Each structure stands twice: as structure tokens, then as C-alpha cells.
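Subject: A structure to look through

Hi,

Here is the structure I promised to send you. Have it open beside this note while you read, and take your time with it.

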Amino acid sequence: MKIGHELEEMRKERNLVGLQMVRRNDEIVAIKEKLQIAQNALDNGTTQYNQRVEDIRLLKKEISNLHTESECLKHAIKSTADMRKEIVRLQRALNQERIRIRALTEDARTPTGVHRWRILKGEDPKKFELLEKLQVVQKRALKQSIENSNVKSKLSEAQKTNETLKRMLSHMPTVEVKHKLVVQQVR
């Protein structure tokens, strides 16, 4: 009976330990599930973090692009202001020129300085005179072209003689050679 009782106690303890093991296994499964969920959340967080870092990099790049664009626009605004000033200056100059043209056209329509006008005197030359002048000019041009060809031929002859003289001089002994020869003859 005592052994039956101990056996019963052992069964209860075994059932209790089995129950505790089942609870622990359930807790382990629950903890593993929580761990998996936490790992998934961590992975998602890491992915989102990397995406945010990339977004920040792109936004910084966009900010630098916007700064350069801003500088360009400031320069364009400044040049636009300069262009407006130039347009105003050119419009003033145009208006002054229009006034001057208007005054000149009015003066041309109704001249007040009649004493400034004079009658032109002169006649066109006759056809024969023009032909004579043309022949004289042609003769002069022909004479100059002949003289030009003569000068060219003389120049080429002079260059040829110059070349031959240079060749002859290159074969002649120099002053140093002559001096050495004289020194040798004296000895």
C-alpha cells in the first residue's frame, strides 16, 4: 500500500512535471513566436531605416540641387534687372532717335536753310573720252605686268647666282684654315 501510495505520488509528480513541461513548451513556443515577431519587426525596421537613410541622401541631394538652382535664379533675377535697365536705356535712345528722325524729315519737307543749297555744275564725259581713258589704263596695266615679269625673272636669276656663290664659298677654306696653313709654312 505504501508502494502504491508512493507510486501514486510519483504519478502525480510525473503528471505535474509533464504538465509543467507542456506549459514550459507552450511558453517556449510563445516566446519563439514573440522572438520571431520581434525579429520580423527588427528586419522590417532595418529595411525601413535603410529606406529612410536612402531617402535622406536623396533629399540632401535634392536640397543641394535646389540651392544651386536658387543661386542660378538669383543670378537670372539680377541679370533680368540689368536687362530691364538696358531695355529702358535703349527705349530712351530709340525715342531720341525717332525725335531726331522726325525733325530731319520735317526739315527735309520744308527746308529753312535755302542758302545752303547750291546748283551742281558738271557734265558726264563723252563716250569717246571714256574709251580713251580705258585704253590708257589698259596700256599702263600691260606695261606694269611686263615690268613685273621682268623683275621676277631678274630676281630668280639673282637667287640662282646667290646659291652658286654660297656653294662656292662653302668649298673655300676658312680664315682659321688659312691661319693654320701659314703657321705650318713658317715652321
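Negative here refers to Asp and Glu, while Lys and Arg count as positive, and His and the chain ends are not counted. Each charge is placed at NZ of Lys, CZ of Arg, CG of Asp or CD of Glu.

Two notes on the background. This is a predicted model, in which local features need pLDDT of at least 70 and side-chain atom pairs count only at pLDDT 80 or more, while totals for chains, interfaces and linings use all residues. Residues are numbered from 1 along each chain as its sequence is written, and side-chain values use heavy atoms, with hydrogens and water left out.

The whole chain

The protein chain has three helices and zero strands, in the order α-α-α along the sequence. (Helices, H or I with at least four residues, and strands, E with at least two, are DSSP runs numbered from the N terminus.) Its radius of gyration, taken over C-alpha atoms, is 58 Å, whereas a compact globule of 187 residues would have one near 16 Å. That globule value follows a rule of 2.2 Å times the number of residues to the power 0.38. Along the principal axes, the C-alpha atoms fill a box of roughly 170 × 105 × 35 Å.

How much of the chain is buried? Buried residues make up 1% of the 187 residues; buried means under 20% relative accessible area, exposed over 50%, and partly exposed in between (1.4 Å probe, protein chains only). The accessible surface comes to about 19,000 Å², with 61% of it belonging to carbon and sulfur atoms. These areas come from the Shrake-Rupley method with a 1.4 Å probe, and for residues only the protein chains shown count as cover. As for charge, there are 39 positive and 26 negative side chains, and the centres of the two sets lie 13 Å apart.

Glu-13 counts as partly exposed because its relative accessible area is 45%, and Glu-6 is partly exposed at 47%. Met-10 is also in helix α1, and with a relative accessible area of 52% it is exposed.

Glu-6 and Gln-39 are 33 residues apart in sequence and 47 Å apart in space, C-alpha to C-alpha. Met-10 and Gly-45, 35 residues apart along the chain, have C-alpha atoms separated by 50 Å.

Salt bridges

The structure holds six salt bridges, each being a side-chain nitrogen of Lys or Arg within 4 Å of a carboxyl oxygen of Asp or Glu. One of them joins Arg-52 and Asp-55, at 3.1 Å from N to O. These two residues are separated by about one helical turn, because they are three residues apart in helix α1. Arg-52 is partly exposed at 44%, as is Asp-55 at 33%.

Another links Glu-54 with Arg-57, whose closest N and O atoms are 2.4 Å apart. Glu-54 and Arg-57 are three residues apart in helix α1, so about one helical turn separates them. Glu-54 is partly exposed at 34% relative accessibility, and Arg-57 is partly exposed at 42%.

Glu-71 and Lys-74 form a salt bridge as well, with the closest N and O atoms 3.9 Å apart. Both lie in helix α1, three residues apart, about one turn of the helix.

Happy exploring, and write back with any questions!
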